[in-house]
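This briefing covers helices, a surface patch and ring contacts in one structure. The notes are grouped by topic and follow the display.

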Amino acid sequence: MTLFTAEAASLHYPGRPAPVFQDLSLTIRRGESLHLTGPSGAGKTSLMRLIAGLERPTSGHVTALPRRIGMAFAEPRLLPRVSVIDNLMFVAPQSRANAVAKLAALEMEEFQNAPGGDLSKGQAQRVALIRALLVRPDILLLDEALGGLDMPTWHRACDLIRAQRALDGFALVEISHDPARLIARDATRLSLP
């Protein structure tokens, strides 16, 4: 099942001398993995935003079909004065037991009543990942989302993602500057200049 298609898509921001990317053609199907690479400023996050429907191409054509998109960024973007559990229930109010189980899997269960703003960056990244998974995404977009985690915690997070992916079959698009920290080892690599 095709989840996203871009045909000759270009993106240009006003005031920027050159396009972020130009004449990009890309298809993402259910179950596929894509690793976006390139130097800072190459357009990786902009492409991810295009996939999520948060950007529109300046030219070309994009068809975005996924109904449910899970997104997590390097900056976790939790509601700072709201408890961890309420940050999670905001996106999936019917999934409290699932949220608590995922918190336990990432050793965050004891923090479920803590305000989001009281967490360390690594703790907040774990909560943001859980939030992205709770929507049961068709496509999961991870923009350096696990970069603040120590290796044992990173492995637990990857195990959680892989287990849910085995059940749901979602597509995975990830940005990571560290090839050793790719969740999907078999990911197709797309390098932006």
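The model is predicted.

- Of the 14 residues of α4, 13 are buried, so the helix is largely enclosed by the rest of the structure.

**Helix α1 and I51**
- I51 belongs to helix α1, which runs over residues 44–52.
- I51 counts as buried because its relative accessibility is 0%, and the cut-off for buried is under 20%.
- In sequence, I51 and F4 are 47 residues apart, while their C-alpha atoms are 6.8 Å apart in space.

- F90 lies in the loop between α2 (84–89) and α3 (96–105).
- With a relative accessibility of 64%, F90 counts as exposed, since exposed means over 50%.
- Together with L79 and V91, F90 forms a nonpolar patch on the surface. The accessible area of L79, F90 and V91 together is about 290 Å².

**Ring contacts**
- The charged end of R77 sits over the ring of F73, at 4.1 Å from the ring centre.
- The count of aromatic pairs is zero, where a pair requires ring centres within 6.5 Å.

Terms used:
Residues are numbered from 1 along each chain as its sequence is written. This is a predicted model: local features need pLDDT of at least 70, side-chain atom pairs count only at pLDDT 80 or more; totals for chains, interfaces and linings use all residues. Side-chain values use heavy atoms; hydrogens and water are left out. Rings of Phe, Tyr and Trp (its six-membered ring) pair if their centres lie within 6.5 Å; planes under 30 degrees apart count as stacked, over 60 as edge-to-face and the rest as tilted. A charge sits over a ring if NZ of Lys or CZ of Arg is within 6 Å of the ring centre and within 35 degrees of the ring normal. Patches are made of residues with over 30% relative accessible area and no salt bridge: like charges are joined within 9 Å, nonpolar side chains (Val, Leu, Ile, Met, Phe, Trp, Tyr) within 5 Å. Accessible areas come from the Shrake-Rupley method with a 1.4 Å probe; for residues, only the protein chains shown count as cover. A salt bridge is a side-chain nitrogen of Lys or Arg within 4 Å of a carboxyl oxygen of Asp or Glu. Helices (H or I, at least four residues) and strands (E, at least two) are DSSP runs, numbered from the N terminus. Buried means under 20% relative accessible area, exposed over 50%, partly exposed in between (1.4 Å probe, protein chains only).
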